Amino acid sequence: MQHAVMIFLTDYAIDGPTLARATEERGFDGLFLTEHTHIPTSRESPWSGGSELPRRYSHTYDPFVALAAMAVVTERIALGTAVSLVLQHHPIGLAKTVASLDRIAGGRFELGVGPGWNREEMANHGVDPRTRTRRMLEHIAAMRAIWTQDEAEFHGEFVDFDPIWSWPKPVRTPPVLIGGEGPTVLDRVLSHGDGWMPRGGPGQDVDALAARIAELRERASDAGRGHLDVTVFGAEADRAVLDAYAAAGVDRVLLGLPDAGEAEVLRVLDDLATLRY
């Protein structure tokens, strides 16, 4: 099982290139960033962590810009989003951004995606929360067409364009990791994804997760698909829990880093590195 890290990369904490170099030097397998374009000052959408939304949500760097900077100072680690709110981007523009980033990274980029939870944020992008999942899947399909076709076209409910030219193409079609834990998430992984990115955390029922992973792999095999990776987002930093994830069939865990200064983040990185052995 691979061990990677994730962070809300903010303008008041450690800088991206320093973090990326340190992550690679300590032998981790990847580094993933969160995304929020903004946070409306008036919010009614509930946050799963409590009533007060942490400062880091409104101070995150654009993950694609930050990951490009990280790509030029690293050679080996995977670089990705956990998760990108792709339905809040136009797919033609985001397809070019992702392809450009993947080329800068030498084919190391992975696109973790999710529909999001902040309805006010979606509304500011002109997105109807009631159709967010359908829109997300359509954006993924449209981007995949642009990445893989010289003259791509797409005609859907939310995205519509006649044949276009759009280069660069990515080094490889970036793996799309579908986030979420709902009852129909495996359907979305199988229809539009290359892997699943469920959330972890204290108290997670790993046995239940193992059953869903087994279901995913069985359904993928029945559909003639190959191995679909499972990456646990925000895994608990506990050796026994990580061993349980490995036994459950998890391919990679993302261990959380604090939105803090360089000294504290590097200390946490050192501590997390000990869990890999």
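Contact here means heavy atoms within 4.5 Å.

Setting aside residues up to four places away in sequence, Tyr245 touches Met1, Gly200, Gly201, Gln204, Val206, Leu209, Val232, Ala235, Glu236, Val250 and Val253. The model is predicted: local features need pLDDT of at least 70 and side-chain atom pairs count only at pLDDT 80 or more, whereas totals for chains, interfaces and linings use all residues. Residues are numbered from 1 along each chain as its sequence is written, and side-chain values use heavy atoms, with hydrogens and water left out.

A nonpolar core is a set of buried Ala, Val, Leu, Ile, Met, Phe, Trp, Tyr and Cys residues joined through side-chain atoms within 4.5 Å; buried means under 20% relative accessible area, exposed over 50%, and partly exposed in between (1.4 Å probe, protein chains only). The largest such core holds 76 residues, of which Leu19, Leu31, Met70, Leu111, Trp196, Tyr245 and Leu257 touch the most other members. Helix H5 gives the most to this core, with eight residues. Apart from it lies another core, of eight residues, including Ala4, Met6, Leu177 and Phe233.

Helices (H or I, at least four residues) and strands (E, at least two) are DSSP runs, numbered from the N terminus. H5 covers residues 132-148, 17 residues in total, and reaches 24 Å from its first C-alpha to its last, close to the expected 24 Å; the expected span is 1.5 Å times one less than the number of residues. Because 12 of its 17 residues are buried, H5 is largely enclosed by the rest of the structure.

Leu190 belongs to helix H6 (residues 185-192) and is buried, with a relative accessible area of 16%. Beyond its neighbours within four places in sequence, Leu190 is in contact with Leu216, Arg219, Ala220, Arg225 and Leu228. Leu190 and Ala223 are 33 residues apart in sequence and 8.5 Å apart in space, C-alpha to C-alpha.

## The S5–S6 hairpin

Strands S5 (residues 152-155) and S6 (residues 160-164) pair in the antiparallel sense over three bridges, where pairing requires that DSSP find at least two bridges between the strands. The two form a hairpin with four residues between them, and Phe154 stands opposite Phe161 in S6.

## Aromatic pairs and charges over rings

Rings of Phe, Tyr and Trp (its six-membered ring) pair if their centres lie within 6.5 Å; planes under 30 degrees apart count as stacked, over 60 as edge-to-face and the rest as tilted. By this rule there are five aromatic pairs. The rings of Phe8 and Tyr57 have centres 4.7 Å apart and planes at 55 degrees, so this pair is tilted. Phe8 lies in the loop between strand S1 (2-7) and helix H1 (16-25), and Tyr57 in the loop between strand S2 (30-33) and helix H2 (63-71), 49 residues apart. Tyr57 and Trp117 have ring centres 6.2 Å apart and planes at 80 degrees, so they are edge-to-face. Tyr57 is buried at 9% relative accessible area, whereas Trp117, at 24%, counts as partly exposed. Phe8, Trp47, Tyr57 and Trp117 form one aromatic cluster.

A charge sits over a ring if NZ of Lys or CZ of Arg is within 6 Å of the ring centre and within 35 degrees of the ring normal. The charged end of Arg55 sits over the ring of Tyr12, 3.9 Å from its centre, and that of Arg56 over the ring of Phe8, 5.0 Å from its centre.
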